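Dear colleague,

Please find the structure below, handed over for your use. The findings follow it.

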Amino acid sequence: MAVTLEFERPIQELEDKINELRRFSREKGIDLSNEIAILEKRVGEVMRSVYSNLDTWQHVLIARHPERPNTDDYIKYIFDDFVELHGDRCFGDDPAVMGGIGRFHGRAVTIIGQLKGKDTNENLARNFGMAHPEGYRKAVRLMQQAEKFKRPVICFIDTPGAYPGIGAEERGQFEAIANSMLVMSALKVPIITVVIGEGFSGGALGIGVGDRILMQEHSIYSVITPEGYASILWKDSSRAREAAEAIRIIARDIQELGVADKIIPEPLGGAHKDQEAAAEMLDEVLAETLDELVGIKLEDLLSQRYEKFRSIGNIE
Amino acid sequence: MILDTNRKQNDSFAPTESENRDIPDDIWSKCGRCGEILLNKDLIKNHKVCQCGFHHRLTAPERIQMTLDNGSFREKDAGLLPVNPFDLADYAGKLVDARNKSGLNEVVVYGEGTIDKWPVVVVVMDTNFMMASMGTVAGEKITRAIELAATTGKSLIIFTASGGARMQEGILSLMQMAKTVEALGRLSNAGQLYITVITDPTTGGVSASFAALGDIILAEPDAMIGFTGPRVIEQTIRQKLPEGFQRAEFFKQHGFIDKIVPRPLMKETLAKILALHLQGVR
C-alpha cells in the first residue's frame, strides 16, 4: 500500500486521473492522448512547484517516508558481491546496523549502515534503526578490518538516535559511541559518510566521523529529533515542526553551516518516487568522492579529517 | 586561584527544593539526600559532602579550589562568550539567566595549574550554567584544553558534568563531540595521560565523547552517568528503572569506571596517579 504524504496528494490525484484515463482509453479504444498529455504536463508543473518550495517539515516527512530507500536497498543497487558480516565479537549482533564488504566500481569497500525497517514488523526487528552498543562495536570491528585490508569505508546514516533502553545503558552505550568516533577519527583509510534519511544525536554521529559528509537532498541531520527538542525544551512534543525550523536540520542548511560537504540530488518528489534513479544519483557522487579521496596521501587525508571537525564552531 | 573574569562570589549551593525557603541560604543548606540542615561553612570544610555521604554539586571555582594547589590555577579563555547561531530568542534569554546564575560566561572553565606540584591542564564543567550542556563554545574550550595539554606536555584532567549536547545550537553542538574526541586521539597518540573524573550528572553527548575516553576514569560516589537520561528511558520502555541504575557504582560494576573516589580523597588520588605517570617530571 503506497503511503501518500499530505502535500503529495494533489500530485497523486492527478496521477490517479491519468491512470484512469489510460485504462479507459485502452478498454474503450478511444484516443485520449491529448487529454493525457495535458494532465501529464500539469503533473510536471505541480511537482516542480511543490518540490522547489518545500518547507522544513516537508523535508522531514520525505526523509522519514516509509518507502524511502534504506541502507539495504542502496547496498543492493550500488554494490556488487556484497557479503554481510555479523556481530561485534563481544556480546551480539545488532540488527539496527548492517555491515559487510562489497565491490564498488571494481574496488573492494567496507559498508556500514543504520537500517530502519519499511513496516512495523521490520521496524520492530530492527529497533527502528536505533543501535545498541553492539551496533557501534560491530561498526568499529568492521572499520578496523577495513583498515587492515586497506579498504575504504562507506557509512550510511539513518537513525532517530541510539536505542534508549536498560541493556543499551548497561553495556555502555556512551562508551561504544565515543570509541567508535575515536577509531574513525584516526582510521588509516578513506571514510565517506552519507546521511540517507534522518540522522539524529550521538546515535547518528557514532558512525559519522569521516573525510566527507554527504547528504541526500531531502535528508535531515541534527543533535536531536524535532520531537525530542520540543518535548525537552518546551514540554510539548506537538511543537516538533517549530523545533525543526528553529535549529535548521535540512541538508541545505547543514551544508551552509559547514558540516555537510556535498548534497546528493534526488529524483523529483524524493528518493521514494524512484528508488533506482535515487541510487544512481547516489552512486555517481559516491564514486567521484571516493576517487578524489583515494588520491590523497594518507598523512594529508588524516590531517584534513582532523581540520574538518576542528573547524566546526571555531570561535575567534 | 586566579579567575580572570568578574565572577560573582558564589554564595549558594542550596538544593532546588523550595521547602527551605525560610532558611537564609548563604548560611545554611539542606542536604539533598538526608534533609539534614547544614552550616555552609562546615559543609565547605567537608568538601560539600554531607555526613550521610551525599556529594553536593560544586561550582567550577569550588572544584578548582578543592583540587588544585592553592594559587596555582591560571584560567584560559575565560572571556569566550556563548554563541546563538540560529538567533533563537528563548535561547538568548536562557544564556542571560545562566550567566547570572553561575557567574560564568560559559559552561567550561579550563586552565593550567598544579596538583601536589604536578603540572596539569584542568577542565571543569559547571552545572549552574544551563546544566553544563555542551555547545560550540564548550566544545571549543575543551578542544583547546586538550591541545594545550598536547603542546605543553602536561597531563589532562577533565571533571565532566553535563546534561548533554546543547540542543539550541543544533548540528554545531553535535559536532563538538567529534571535535573533542579527535583531539583526544592525538593526545593519546602522543603518549600523554588523560584522567576523566565523572561528576553528577554526566549524560548525553558529553558522556558519549570525551568523558568516556580517559586513560583512567574516576567517578564521584553516586554520580549519574549514561547516554540517555532515565526519564526518556522510562518513557520508551514504559517501566520503572531499578534503584541505582546509571549511578557510578552501577557502571563500575558493569566495567566502565576504574574507581569511585569520595571527594575528600580526590586530590590525593589524582596526585598519586600523576606521580605514577610523571616520575621525574616535577
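In which strand of chain B is Pro201(B) found? Pro201(B) belongs to strand E7 (residues 194–203) of chain B, where helices (H or I, at least four residues) and strands (E, at least two) are DSSP runs numbered from the N terminus. The peptide bond that leads from Asp200(B) to Pro201(B) is cis, and its omega is near -15°.

This is a predicted model, in which local features need pLDDT of at least 70 and side-chain atom pairs count only at pLDDT 80 or more, whereas totals for chains, interfaces and linings use all residues. Residues are numbered from 1 along each chain as its sequence is written, chains are lettered from A and ligands numbered from 1 in the order in which they are written, and side-chain values use heavy atoms, with hydrogens and water left out.

The interface of chain A and chain B

Contact (heavy atoms within 4.5 Å) joins 48 residues of chain A to 52 residues of chain B. The size of an interface is often given as the accessible area lost when the parts come together. Here the buried area, the accessible area (1.4 Å probe) that two parts lose on being put together, summed over both, is about 4400 Å², and carbon and sulfur atoms give 73% of it. Of the area that chain A buries against chain B, 19% comes from Phe174(A), Tyr306(A) and Ile315(A), more than from any other three residues.

The rule finds 2 salt bridges across this interface, a salt bridge being a side-chain nitrogen of Lys or Arg within 4 Å of a carboxyl oxygen of Asp or Glu. Arg310(A) forms a salt bridge with Glu140(B), with the closest N and O atoms 3.0 Å apart. Among the elements that give two or more residues to the side of chain A that touches chain B are helix H8 (173–186) and helix H14 (298–310) of chain A. H8(A) gives the most, with 9 residues.

Within chain A

Over all chains, the structure holds 42 salt bridges. In one, the side chains of Asp81(A) and Arg103(A) meet at 3.6 Å, N to O. Asp81(A) lies in strand E1 (residues 80–84) of chain A and Arg103(A) in strand E2 (residues 97–104) of chain A, so this pair ties together parts that are 22 residues apart in sequence.

Helix H3 (residues 56–63) and helix H11 (residues 240–247) of chain A pack at an angle of about 105°, with their axes 9 Å apart; axes are lines fitted to C-alpha atoms, for helices over the stretch in contact, and angles run from 0 to 180 degrees between N-to-C directions. H3(A) is therefore roughly perpendicular to H11(A), a term for angles of 65 to 115 degrees. Thr56(A), Trp57(A) and Val60(A) in H3(A) meet Ala240(A), Arg241(A), Ala244(A) and Glu245(A) in H11(A).

Yours sincerely

Key: Angles under 35 degrees count as roughly parallel, over 145 as roughly antiparallel, 65 to 115 as roughly perpendicular and the rest as oblique.
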